[in-house]
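Below are a few notes to read alongside the structure, point by point.

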Amino acid sequence: MAVDTAIILAAGQGNRLLPLTRTTPKSLIPIAETTPIDHLLQTLASQGIEYVVIVIGYLGGAIRRRIGIHYRGLQVTCVENPLYEYTDNIASLWYAQGFFYSDILLLEADVFMEEEIVHDLIVCPHRNAMVIDRFNPEFMSGTIVFVNSDGMVDRMILDWERDQVLSNAYKTVNAYKLSFDFLNRQLIPRLNLYFNYGPTENSYEILIRDLLAEGAVKFAPVLTGHHQWVDIDTPKDLHRALQMFSAGSKLIEIK
């Protein structure tokens, strides 16, 4: 099944980037000649995606005004997450579930990555896939995963669960392809189960971690290889992005 829909999570407050994010959502922070969300949307349009759902929250009006309902041929819908102040991005996923009517891409608006990474995710023959990179503790943090002898991702450890650095670990890049079957038979029921107990501060990756642990799903790994990416959460991340993707870079070429 061809993927034609992307869900982009863009509701976060970006507190670690204050004061830059006091008046600007972090997905609209200028990087060279573009912004993270502009570059992501440009990439999706170039890869044949037709429909984009952006979950907004903090300063969401700025994103809505910049992107509109049509962007470079994309049909864009903005969905409000009114709980963005009290929850992590699992709430954004919950508010987006009404758009899980086909296989989708699940992406985050603050990840700046080369177009080829998204291309490789889309063309991966497996309907459930995730982008990963070799874990480097010098400049990476967050969720890690492991690839089994069959070449599939079958285990995930969240940042707060990790008590040691493991040499065979991979870092998630917050970019997933999720099948309609997995969404409706596994992810949505688990998502609703979490919300039956009220809003939660967990990331949506806790759902994927649990389903992997139960053997309910396996993901094909899509390695970044030599292609570059930055998850922009801190001033250090932003500095790396500005160095990596400077003006004139192939990455930020306006098409």
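1. Thr 35 sits in the loop that joins β1 to α1. This is a predicted model, and in it Thr 35 is buried, because its relative accessible area of 4% falls under the 20% cut-off.

2. What surrounds this loop residue? Leaving aside residues up to four places away in sequence, Thr 35 touches Ser 27, Leu 28, Ile 29 and Pro 30, together with Arg 66 and Phe 112. Asp 110 is also worth a look: it is 75 residues from Thr 35 in sequence, while the C-alpha to C-alpha distance is 9.1 Å.

3. Now please turn to α2, which spans residues 60–67. Which of its residues are buried? They are Gly 60, Ile 63 and Ile 67. Viewed down the axis of α2, these buried residues fall within an arc of 60 degrees, so they line one face of the helix. In an α-helix, residues three or four places apart point the same way, because there are 3.6 residues a turn.

4. The cover over the buried residues of α2 includes the strands β1 (5–10), β2 (51–56), β3 (70–71) and β4 (74–80), as well as helix α1 (36–46).

5. Is Gln 47 buried or exposed? Its relative accessible area is 19%, so Gln 47 counts as buried, the cut-off being under 20%. Residues up to four places away in sequence aside, Gln 47 touches Glu 115, Val 118, His 119 and Ile 122.

Technical notes. Residues numbered from 1 in each chain as written. Predicted model: local features only at pLDDT ≥ 70, side-chain atom pairs only at ≥ 80, totals over all residues. Heavy atoms only, no water. Buried < 20%, exposed > 50% of the residue type's maximum accessible area, 1.4 Å probe, protein only. Helix = DSSP H or I, 4+ residues; strand = E, 2+ residues; numbered from the N terminus. Arc of directions from axis to C-beta. Contact = heavy atoms within 4.5 Å.
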